2 protein chains.
Amino acid sequence: MMMLTPERMAPLKARRLGIDTHHEPTLYLPAQSHVCRSEGFESLSRVQVTTHQSCHLIASLNIVTDSLLADDEVGFSESAWKRLGLKAEDPIWLSHPKPVQSLSHVRAKVYGHELTDLQFQSIINDIVEGRYADVHLAAFITACGDDNLSDDEITSLTEAMVKSGSTLDWQLPLVVDKHCVGGLPGNRTTPIVVSILTACGLTVPKTSSRAITSPAGTADTMETLTEVSLSLEQMREVVSREGGCLAWGGAMRLSPADDMLIQVERALDIDSEGQLIASVLSKKIAAGATHVLIDIPVGPTAKVRSEEAANRLAASFQTVAANLGLELQVMMTDGSQPVGRGIGPALEARDILAVLQNDPEAPQDLRQRSAEVAGAMLAMVKHLSPEEGTRLALDTLNQGTAWEKFRRICDAQGGFRHPAVAPYRYALVAEHTGRVTRIDNRILAKIAKLAGAPADPAAGVEINVKLGDQVDCQDVLIMIHAENAGELNYAVEYLNEHPQVIELENLLQQEA
Amino acid sequence: MMMLTPERMAPLKARRLGIDTHHEPTLYLPAQSHVCRSEGFESLSRVQVTTHQSCHLIASLNIVTDSLLADDEVGFSESAWKRLGLKAEDPIWLSHPKPVQSLSHVRAKVYGHELTDLQFQSIINDIVEGRYADVHLAAFITACGDDNLSDDEITSLTEAMVKSGSTLDWQLPLVVDKHCVGGLPGNRTTPIVVSILTACGLTVPKTSSRAITSPAGTADTMETLTEVSLSLEQMREVVSREGGCLAWGGAMRLSPADDMLIQVERALDIDSEGQLIASVLSKKIAAGATHVLIDIPVGPTAKVRSEEAANRLAASFQTVAANLGLELQVMMTDGSQPVGRGIGPALEARDILAVLQNDPEAPQDLRQRSAEVAGAMLAMVKHLSPEEGTRLALDTLNQGTAWEKFRRICDAQGGFRHPAVAPYRYALVAEHTGRVTRIDNRILAKIAKLAGAPADPAAGVEINVKLGDQVDCQDVLIMIHAENAGELNYAVEYLNEHPQVIELENLLQQEA
């Protein structure tokens with residue numbers, strides 16, 4: 001029996017269709033194409049693309065029944081076109097990809113089995129090679145959800161993720177890094193902490209992610225202030241010049257599987273404990289960190305809601321870090337209300353600038369928190385007490401050396417810029433005099449996201465009150481910022497349905 | 001502040017792009033469109049489409065950066081175009097869909113919480129209204145995987161699925177139905193059983209699904225013999241004329257959520273116990289059944305591998321059926337090897353015809369099994385012993401009345417046709433004399449799927465041996481059938497990697 005290899009078949013001609021399918025590469029094939037008939041492809045088939053330079057890519061197929069394409073053409077979405085570096089009419093061969101064997105491990109995980117090192121490696125390799133469609137990524141993420149991964153499994157997953165990409169080795173005994181598990185809107189201490197630590201002479205090759213399920217990630221916020229899409233080489237240069245950086249990790253192929261999983265986690269709004277630990281630690285290890293501080297905000301509407309849950313998460317972080325030879329310290333912080341005033345990339349950037357510039361109007365909670373986090377890290381590596389560490393951090397802020405360092409890092413990354421301002425706004429005002437008794441972090445985050453954050457950098461929410469504040473009737477409690485009317489409407493509608501976002505105790509009524 | 005409602009905005013013009021995105025409706029919008037700017041849409045946004053006739057649909061968006069569309073046009077995929085019944089240049093408004101509140105219940109399920117009636121209803125309603133993207137369906141399916149649903153939850157899910165669609169009421173005390181949980185290739189007893197039962201005067205409004213993770217579902221097989229895409233009204237007519245039907249359930253909106261979930265279950269190759277029970281029972285209840293028989297084949301490479309697992313599944317089926325007021329009986333059958341000769345729609349159809357026509361070459365195992373299943377159902381409703389039931393079923397086959405009834409049902413559904421034959425074949429021959437000691441159902445099913453089944457109806461595998469058979473060197477063990485060379489290659493490659501599909505004990509070696 002003759003076996004037809006793809007190369008023996010007449011090639012198709014590549015055509016760029018200019019369709020942006022985001023991260024999922026997609027191909028378009030005319031129904032009457034000889035390849036459709038000979039290979040039995042149908043819509044949503046996964047196909048392997050081969051170029052004349054033997055580049056490979058696995059993509060989803062859409063069959064085109066109209067006259068969009070000639071019979072011998074194959075259309076490419078933007079991501080597929082760019083990943084293969086194609087030119088118009090390049091010859092293209094399509095074939096069936098090999099069966100994705102590692103999906104049987106995902107199924108085993110759904111059925112509650114413990115996976116091995118090798119099984120995680122084969123899953124992660126297949127993900128990085130683009131063999132998983134989004135539904136497969138969604139199944140893997142969900143199967144690893146809740147506390148379905150043991151500490152050993154998280155260790156295996158972390159190692160597999162590190163191995164799947166580039167790694168950095170700074171040839172230094174001490175490379176520090178920090179991570180906040182998030183869930184606390186506006187808690188953007190990282191740029192301030194990195195500025196303080198590098199100003200104190202430490203090496204901090206900080207790579208951050210974009211938002212997963214929150215209205216802003218550190219990379220989104222930093223992008224309103226400078227360039228963050230650095231290559232690994234550019235990042236190396238910035239760090240060797242300034243001792244630290246504040247870059248987006250996604251362009252560096254440090255744990256690239258993580259970047260792909262995060263795309264789908266965002267759509268699902270699921271961010272599980274095991275994936276969280278593997279995501280954080282794989283990035284730190286790949287970036288060459290030796291000492292890591294994890295900040296876990298705890299509060300009734302934060303991501304981690306109880307001290308018990310925080311202790312469990314902390315213990316897993318410690319165990320996995322120890323398995324991987326990483327020094328790790330966990331710090332639990334108050335997560336009862338937002339930090340600073342802004343929620344959303346540009347609004348948070350304004351708070352950061354105010355703190356670094358010692359603006360008397362700067363949010364004091366953000367300043368104090370950043371000093372404590374930096375202080376804990378200084379204490380960890382310089383053998384100081386936490387109080388001594390915090391004092392050193394505050395001194396560095398007060399003397400302006402942290403601000404100077406921040407500017408130098410921005411310059412090294414491509415230049416400092418001012419964050420954008422949103423034209424569309426909506427103010428929520430107090431309907432009566434009262435005292436603020438409750439602020440719902442989750443509703444605030446949701447409003448900021450509906451307003452367009454983080455995709456629209458200037459969108460978000462500004463909060464003018466803290467727990468315990470007394471407000472007068474008609475005082476502005478929060479201000480929604482949006483870049484367009486559609487999203488502003490959408491956020492306002494949600495706000496109207498959730499008036500409990502800020503609860504006021506009615507002092508007048510109590511007196512009556 | 002002014003709120004812009006979609007209707008106040010200038011509409012876009014509908015354009016059919018002829019792109020087949022399968023079941024996921026997709027829209028294409030030019031990057032420079034005023035709607036993109038005012039609403040902040042980006043690629044993969046979920047958007048709500050409104051027509052001038054106030055029809056609504058939620059679809060995924062792809063931004064088009066090329067000259068594919070004019071600035072005031074919006075492109076539609078085939079499924080989106082058809083569902084809205086559009087004409088070229090129809091005015092179209094796009095807006096942000098409401099947040100999908102029920103996704104928080106999916107997340108709760110991921111975190112191991114028990115869901116309520118109302119929570120399942122809101123999930124299922126959102127699914128039926130198209131609010132879930134495929135990744136959300138994948139997360140829901142995975143979260144309900146393994147034995148993550150309690151019997152109460154399965155009951156709630158089943159009821160929610162029944163309520164989400166049409167239901168039939170035959171105004172009869174006795175309406176019977178059957179289901180086989182599958183996993184046993186070639187076990188296509190249903191068309192034979194329905195023919196026997198209706199020939200015996202019972203009412204059997206049988207709707208079947210297409211394959212989920214197997215090489216053929218009963219609907220796929222029946223489609224090679226007659227029309228199966230009946231409307232609810234057509235099905236009612238066929239049943240009132242002939243007492244039974246053999247139709248595909250997907251066009252009838254009987255438990256439509258199930259049809260949508262199955263699309264993604266197929267891509268994931270996950271088919272969980274809770275979803276299985278809810279899927280099966282929701283279809284039966286919606287179709288108006290009062291008495292149901294569940295056939296569970298048990299074998300080391302069947303879907304249910306041990307008696308223990310079968311007992312657990314049977315108990316859940318019983319409890320959920322009792323909660324829903326359904327008479328249900330479970331029958332466990334031998335699942336150690338394929339039934340009949342064919343695996344794949346047309347190949348299985350040939351076996352069915354041979355049994356119904358009392359062909360002496362007909363596969364006796366399929367004949368006997370069908371008689372036993374039909375017998376158990378006759379026993380259940382006619383108060384006979386199982387042996388008496390089986391005898392009655394065999395008599396009905398022998399007298400030709402079952403075959404006559406089958407032809408009449410096919411005629412009523414749109415006419416009988418002969419199953420197709422595949423042009424591409426590959427034979428696996430015995431390399432030595434020996435006795436067949438093991439047949440792997442899963443590998444056989446996989447080969448049939450790689451060969452193109454069920455999408456290519458004539459594709460699949462023909463098995464020429466049974467456990468215990470003695471074969472000579474060069475005897476054909478299995479024959480792969482395919483409709484094109486690409487898929488045949490693919491199946492053969494997999495076969496070569498899995499020679500254990502048929503194990504032969506080497507008699508010569510043993511004698512030596």
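In this predicted model, chain A is divided into domain 1 (7–95), domain 2 (176–248 + 283–413) and domain 3 (424–511). The report looks at the contact between two of these domains, then at the contact between the chains, and finally at strand pairing.

**Domains 2 and 3 of chain A**

The C-alpha centres of domain 2 of chain A and domain 3 of chain A lie 26 Å apart, and the contact between them takes 28 residues from domain 2 and 21 residues from domain 3. On the side of domain 2, the residues that lose the most area to domain 3 are A:Thr301, A:Gln337 and A:Leu347, which together make up 31% of what that side buries. The rule finds 1 salt bridge across this interface, and the side chains of A:Asp365 and A:Lys466 meet in a salt bridge at 2.6 Å, N to O. Among the elements, β12 (342–343) and α13 (345–356) of chain A each supply at least two residues of the side of domain 2 that touches domain 3, and α13(A) gives the most, with 3 residues. By class, that side has 12 nonpolar, 11 polar and 5 charged residues.

**Chain B and chain A**

The size of an interface is often given as the accessible area lost when the parts come together.

| Interface | Buried area | Share on carbon and sulfur atoms | Polar contacts |
|---|---|---|---|
| Domain 2 of chain A and domain 3 of chain A | about 1800 Å² | 56% | 11 residue pairs |
| Chain B and chain A | about 5300 Å² | 60% | 12 residue pairs |

The contact between the chains takes 66 residues from chain B and 66 residues from chain A. In chain B, the residues that lose the most area to chain A are B:Val135, B:Asn489 and B:Tyr490, together 10% of what that side buries. Across this interface the rule finds 4 salt bridges, and the side chains of A:Lys98 and B:Glu493 meet in a salt bridge at 3.0 Å, N to O. The elements that give two or more residues to the side of chain B that touches chain A include β1 (12–20), α5 (134–143) and α18 (485–497) of chain B, and α18(B) gives the most, with 10 residues. By class, that side has 30 nonpolar, 18 polar and 18 charged residues.

**Strand pairing**

Strand β4 (residues 56–64) of chain A is joined to β1(B) by 2 bridges, and the two run antiparallel; here the bridge partner of A:Val64 is B:Ile19. Within chain B, 4 strands form an open sheet in the order β12-β15-β17-β13, with antiparallel pairing, and its edge strands are β12 (342–343) and β13 (424–429) of chain B. Strands β15 (residues 460–463) and β17 (residues 476–482) of chain B pair over 4 bridges, and B:Val461 stands opposite B:Ile480 in β17(B).

Note on methods
Residues are numbered from 1 along each chain as its sequence is written. Chains are lettered from A and ligands numbered from 1 in the order in which they are written. This is a predicted model: local features need pLDDT of at least 70, side-chain atom pairs count only at pLDDT 80 or more; totals for chains, interfaces and linings use all residues. Side-chain values use heavy atoms; hydrogens and water are left out. Domain bounds come from an automatic or database domain assignment. Contact means heavy atoms within 4.5 Å. Buried area is the accessible area (1.4 Å probe) that two parts lose on being put together, summed over both. A polar contact is a pair of N or O atoms within 3.5 Å; within protein, one must be able to donate a hydrogen and the other to accept it, and residues adjacent in sequence count only if both atoms are side-chain atoms. Ala, Val, Leu, Ile, Met, Phe, Trp, Tyr, Cys and Pro count as nonpolar, Asp, Glu, Lys and Arg as charged, and the others, Gly among them, as polar. Two strands pair if DSSP finds at least two bridges between them.
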